[in-house]
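Here is a short tour of the structure for you, grouped by topic. Have the viewer open and follow along as you read.

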Amino acid sequence: MTAASPSLRALRTSEEVDAFLDGKSFPLVDGDRVTFVFRGEADTVALRHWIFGLTSRQELERVEGTDLWFTTLDLPRESRVEYKLEVTHGGDTRWILDPLNPHRAHDPFGANSVCHSDGYVFPEWAQEDPDARPGDVESLRFHSTTFHDERTIRVYLPARFRRRARYPLLVAHDGDDYLRFSGMKAVLDNLIHRLEIPPMIVALTNPIDRLTEYAASERHAAFLVDELLPHLESTFPLIGTPSTRGLMGASFGAVATLSTAWRRPDVFGKLLLQSGSFGFTDIGDHQRGPAFDPVVEFMNAFRADPGRPASKAFVSCGVYESLIYENRSMLPMFQSTGMEVRYVEARDGHNWENWRDRLREGLSWLFPGPLWMVYE
Amino acid sequence: MPVTLLGPQRHSPTVQQTLHSLGVRGPVAAITAGWEERELEDDELEAHLGGVTRNLELWERCDRVFDADPDLRETLWRRHDRLVEVRRLYRLRLNHAMDAARELLDRPEDPDLVAAEFEGAIDAVRRLDREHLDRVAEVNEAFEAEIDAPNRPSLAGPRKEVAEILGDSAALAIAGGHVAVLLNRLRLFGIADLVGDRPVIAWSGGAMVLGERIVLFHDSPPQGRGHAEVLEAGLGLHRGAVPFPHARRRLLLDDRERVTLLARRLEPLLAIPMDEGARADWNGAEWWLAPGARLLEADGSVRAAS
């Protein structure tokens, strides 16, 4: 138990609970132990988290005679965990954000409360910096002859964009999610401002049928390479060589990235693969559900004949994700292709802020900026 | 011509007192092409220089030339792409060569044996740097022949304008910025041939491009520690030294192994940290270092110059 537990258990009156809560930040972090606290009338309260390896539901203990609840988790330094509280009262069960914790992370499904253990540092380079001249994000309506539909692509143009210059290109899967949940625009503005990446054009693409398009689909690869890329290269001043083109994605977006690079090698020289849903089997069936069928089929084909999909790949994964095992397993395979590979793990889960936190290292490694060239 | 190198000027400018100490009277021509799009955001610099300042506007002029002569821009892009490839291959060899030299600095075997191997390893790095300089020079010569800047019609007018402004100036001040951009503009406008006997004062990237060898360095970049790299030869207006602007910020000066490797690799060139307030004068034959100046030493220390 954390140092907070005995003092919590000793509380008896509402006034004592008030005094205990007053001025504290929650959850309570004490070394590598974290105590989650809830105050309110309930029959049961449970912590719901997404740490693979721990029971995902952990009941809070009620402090006798009060409406205060708590539970303690061991959480290594530098961890970042997203969670909710499951509160059951009068037969009604709801998952709620932690009322005592103002830290929130958002994703396409809503929001979660966020717990940082000791040592986690919010990346200041992901916050809007008034000194960093902002780039622009333009919306590009695009008719796809591959998918026979209309698509909206956001295109990030760096500050001081000039038609007379030439730029590297990065194509991102789930572009709007990267913008909304990973602060992609501020990250790009800041890293360019700090000379850590070059001024670049970033095409932020969005799927319409994500689980089909991103599940290693050949059509998706054709869309990117035969349709989108020529369109971008005829519209924007791009350098237009494989070594100046990057492709990135997270989760299924990483599968789409890898499968596109595998099907069309030497188009995108640089890959950024975040928490890839790289499900595979050595024998028998997989257990990840039908959405993974084409992914597993692709990954098994890739493992049998990986080729050399790109020249550089930055691979990251959270250690609190179930996918950590697949990502670790793929590392020697990626290296065996002759790609230059950098692999990074973080004490985080399968979420957009984990992917945000790795962007600086990944982007600046794949696209080193002019920091080496500039001496003001 | 006399060349004076200064530390960074933005926060603690010393350029005005330097001009006074050199006896400069009259307008000063300024080059801020390394700032690229911000070239003309030079109000602060003008204030630092005092008196009459004339920005040669090399970046802007070059941009206008590119508009009029797209073939020139295409050719320079092709050269750039070629140099990127050359650098990539150089870096591949450099990483291995530097790793070997560094590993030999910390071996448990007989010190005499290790020292002999280290000498061989650091010599291999020096040889690699020289070879890289030669490769880049070959690429540059081929492209310079193709560009033929002195006789290119699109450059004739702008070069003449620059020559006239510089001809009426008592000194030339060169600020830093992007060293490759700056170097290219200086070459395109033939600045080295136009300077004549007037004093040249340069800082940061400006100090780097005037030497015989441009060395890029940063010991703590976000993508992880690498090794200093030779970019290419500079204009050769000063010799025998490599300036390291912002050394306190960009170099791990407490890491004796890194300092040793850098100093030994560059021998016999002097490795001069150029932090704020630093000054080094080249009279065409030898260096004079201002009091307080320091040098990177072969034993890994950073010592006051004697």
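In this predicted model, strand E1 (residues 3-6) of chain B pairs with strand E11 (residues 279-282) of chain B in the antiparallel sense, over four bridges. Within that pairing, Thr4(B) stands opposite Asp281(B) in E11(B).

**Strand E1 of chain B**

- E1(B) also pairs with E6(B), this time in the parallel sense, and again four bridges are found.
- Thr4(B) takes part here too, standing opposite Ile201(B) in E6(B).
- In a regular strand, side chains alternate between the two faces of the sheet.
- Are the residues on the two faces of E1(B) buried or exposed? Val3(B) and Leu5(B) on one side are buried, and so are Thr4(B) and Leu6(B) on the other, which leaves both faces of the strand covered.

**The sheet of chain B**

- E1(B) belongs to an open sheet of seven strands with mixed pairing, and the order is E3-E2-E4-E6-E1-E11-E12.
- Which strands stand at the edges? They are E3 (53-55) and E12 (287-289) of chain B; each has a single partner strand, so one side of each has no neighbour in the sheet.
- On average, neighbouring strands of this sheet are turned by 20° against each other, with direction ignored.
- Strand E4 (residues 171-174) of chain B and strand E6 (residues 200-203) of chain B are a parallel pair, joined over three bridges.
- Ile174(B) stands opposite Ala202(B) in E6(B).

**Helices H3 and H6 of chain B**

- The axes of helix H3 (residues 58-68) of chain B and H6(B) come within 10 Å, crossing at roughly 165°.
- Angles over 145 degrees count as roughly antiparallel, and H3(B) and H6(B) are therefore roughly antiparallel to each other.
- Their crossing is right-handed.
- From H3(B), the residues in this contact are Leu58(B), Arg61(B) and Val65(B); from H6(B), they are Ser154(B), Leu155(B), Pro158(B), Glu161(B), Val162(B) and Ile165(B).
- By type, the residues of the contact of H3(B) with H6(B) are six nonpolar, one polar and two charged.

**A closer look at Ile165 of chain B**

- Ile165(B) lies in helix H6 (residues 153-167) of chain B.
- With a relative accessibility of 21%, Ile165(B) counts as partly exposed, because buried means under 20%.
- Which residues does Ile165(B) contact, leaving aside its neighbours within four places in sequence? They are Arg54(B), Leu56(B) and Arg61(B).
- Gly205(B) is 40 residues from Ile165(B) along the chain, and the C-alpha atoms of the two are separated by 22 Å.

**Helices H4 and H11 of chain A**

- Over in chain A, helix H4 (residues 184-193) and helix H11 (residues 359-366) pack at an angle of about 50°, and their axes are 11 Å apart.
- H4(A) and H11(A) are therefore oblique to each other.
- H4(A) passes H11(A) in a right-handed crossing.
- H4(A) brings Met184(A), Val187(A), Leu188(A) and Leu191(A) to the contact, while H11(A) brings Leu359(A), Arg360(A) and Leu363(A).
- The residues of the contact of H4(A) with H11(A) divide into six nonpolar and one charged, with no polar residue.

How values were computed:
Residues are numbered from 1 along each chain as its sequence is written. Chains are lettered from A and ligands numbered from 1 in the order in which they are written. This is a predicted model: local features need pLDDT of at least 70, side-chain atom pairs count only at pLDDT 80 or more; totals for chains, interfaces and linings use all residues. Side-chain values use heavy atoms; hydrogens and water are left out. Two strands pair if DSSP finds at least two bridges between them. Axes are lines fitted to C-alpha atoms, for helices over the stretch in contact, and angles run from 0 to 180 degrees between N-to-C directions. Buried means under 20% relative accessible area, exposed over 50%, partly exposed in between (1.4 Å probe, protein chains only). Contact means heavy atoms within 4.5 Å. Angles under 35 degrees count as roughly parallel, over 145 as roughly antiparallel, 65 to 115 as roughly perpendicular and the rest as oblique. A crossing is left-handed if the near helix is turned anticlockwise from the far one by less than a right angle, and right-handed if clockwise. Ala, Val, Leu, Ile, Met, Phe, Trp, Tyr, Cys and Pro count as nonpolar, Asp, Glu, Lys and Arg as charged, and the others, Gly among them, as polar.
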